[in-house]
Amino acid sequence: MFVRKKPNKSGKISVQVIEKKSGKYKVVKTVGSSPDLDTVERLVKEGEQWIKSQRGLLELPFNNEKQAVQNVLDNIAGITVTGTELLLGKIFDMIGFNAVKDELFRWLVFSRLCFPGSKLKTTEYLFNFHGLSIEVHALYRYMDKLYNNYKETVQLISFEHTRKILGGSINVVFYDVTTLYFEIDQEDDLRKTGFSKEGKHQNPQIVLGLLVGLEGYPLAYEIFEGNKFEGHTMIPVIEKFKTKYNLPAPVIIADSGLLSKKNIEDLVEKGYEFILGARLKTGGKGQKSKVLSLELCNGESTILDWEEGLKMVVSYSEKRARKDRSNRERGLKKLEKQLRSGKLNKSHINNRGYNKYLKMEGEIKIEIDRARFEQDSRWDGLKGYITNTRLGKDQIIENYNNLWKIEKAFRIAKSDLKIRPVYHRAQRRIEAHICIAFVAYKVYKELERLLKEKQSELSPEKAIDIAKGIYTVRVTIPSSQQTVSKTIILNESQRKLADLFGF
């Protein structure tokens, strides 16, 4: 487009904006007309300014490229990381979490995935990388609101999405628990000292129970007091889940830490089928003899009648045998070191862990019971699964082996999402913190599934790292104060990621 001055028969000069299309000239706009030359020049400048506003051009002297670039840089209004929002936002919406009409909730989930940290660190991250100014006190007040409103909503959304991607039904569920410790000394009604899976026995903690479906897709979670025995958490979580969604009783799979006579009785009474990791060494004398009489080769398994209505599947693995032997030898070396240092006394002779290899020699001397150590080698490589299902032994083992995916879920939550330690004191904020981490893990799992579906070799962590390097630059046009923006894709990995997810 350009500005044209056209003389008229009346003696006036018309100022027009002309555009050339397909070799023809067209009047786009008539700015005005006047016989006065000064007025005409003013109209010409108006026409030129209108063209610039339509094109979104900056007021730049293009005859000097270096100065032109400098002027662009001088007019940058902001540079923000947008790749993570483009990547994770699409997945967040696809799952259905956009039903939570709250932008801050969305940003807190993204922050947990991209830059997990304390709430103070989160506010700094949102300001420095996304240009969002949020006071930390406002964030804490928001956590109170989140606790009151969203826990049940996000679990329902996650459940419905998981059911959809698993083909419309939830027939098998996996349950496990972990502990999350707090960087404080005081206990309260929820935070109690107890057995810590992270070795933080001196720190108050909570117990977190997580229920997932096949492939580790999250279904539900519950929080318990820190001194709650993990075996007592399983039945309440499963019963609540089944009742809430009006489901037929699914097959329950859990590890040996949740095995107790009471749990088995309750599961049978409530009509559940189950596969539980077994403690082969704690069976009756006849049961143990039956297991030890087996002569299984690597990869072989068998089914034994166990108790009324129950079967025991026993498998043998040379790899597991090597690991079991290594663990026992490491425990023995630790005892020998303590024995040499004089740190052991008769109070240490018990059946806790590797202390079972200690014995009293005479009145005062403590020794290693090497005979018992060698006897234990008979159990190396053996793994038991107690069940009431009608599945074959191979199906039982295959289903149980999927339990590692829930263990992976806890590892991701603790390492990648940094769910612990927890710094909150109020229970409602602890609940809100866990709720955000649950949603973040669900988004993580869906990203993982989509990458696999798209046959990408990227891990979720790598995809997020690539997205962190995608920025959007905003430049203000000086003449009109309009803002133009551009998302910068700088390298091949960013381009591939953008193509994969359509942003």
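Figure 1. Strand 15 (residues 471–476) and strand 16 run antiparallel and are joined by six bridges, where strands are DSSP runs (E, at least two residues) and helices are DSSP runs (H or I, at least four residues), both numbered from the N terminus. The open sheet that holds them has three strands in the order 4-15-16 with antiparallel pairing, two strands being paired if DSSP finds at least two bridges between them. Strand 4 (76–81) and strand 16 (483–488) are the edge strands, each pairing on one side only. From one strand to the next the twist averages 15°, with axes taken as lines fitted to C-alpha atoms (for helices over the stretch in contact) and angles running from 0 to 180 degrees between N-to-C directions.

Figure 2. Thr82 counts as buried because its relative accessibility is 13%, and buried means under 20% relative accessible area, exposed over 50% and partly exposed in between (1.4 Å probe, protein chains only). Once neighbours within four places in sequence are left aside, Thr82 is in contact with Ile470, Tyr471, Thr472 and Thr487, contact meaning heavy atoms within 4.5 Å.

**Figure 3. The open sheet of order 1-2-3.** Three strands make up this antiparallel sheet, and its edge strands, strand 1 (2–7) and strand 3 (24–34), each pair on one side only. Neighbouring strands of the sheet are turned by 35° against each other on average, direction ignored. Nine bridges join strand 2 (residues 13–21) to strand 3, the two running antiparallel, and Gln16 stands opposite Thr30 in strand 3.

**Figure 4. The largest nonpolar core and the contacts of Phe105.** A nonpolar core is a set of buried Ala, Val, Leu, Ile, Met, Phe, Trp, Tyr and Cys residues joined through side-chain atoms within 4.5 Å. The largest one has 63 residues, of which Leu87, Leu88, Phe105, Val109, Leu113, Val443 and Leu447 touch the most other members. Helix 15 (residues 427–453) gives the most to this core, with 14 residues. Apart from its neighbours within four places in sequence, Phe105 is in contact with Phe92, Val100, Tyr142, Leu146, Tyr150, Val154 and Val439. A second, separate core has 40 residues and includes Met234, Leu296, Val314 and Trp379.

Figure 5. A search of the whole structure finds zero disulfides, a disulfide being a pair of cysteine sulfur atoms within 2.5 Å.

**Figure 6. The protein chain as a whole.** The chain contains 17 helices and 16 strands, and 46% of its 503 residues count as buried. Among contacts in the chain with a separation of 6 or more, 60% are accounted for by residues 24 or more positions apart. The accessible surface comes to about 26,900 Å², of which 48% belongs to carbon and sulfur atoms; accessible areas come from the Shrake-Rupley method with a 1.4 Å probe, and for residues only the protein chains shown count as cover.

**Notes to all views.** Residues are numbered from 1 along each chain as its sequence is written, and side-chain values use heavy atoms, with hydrogens and water left out. Because the model is predicted, local features need pLDDT of at least 70 and side-chain atom pairs count only at pLDDT 80 or more, while totals for chains, interfaces and linings use all residues.
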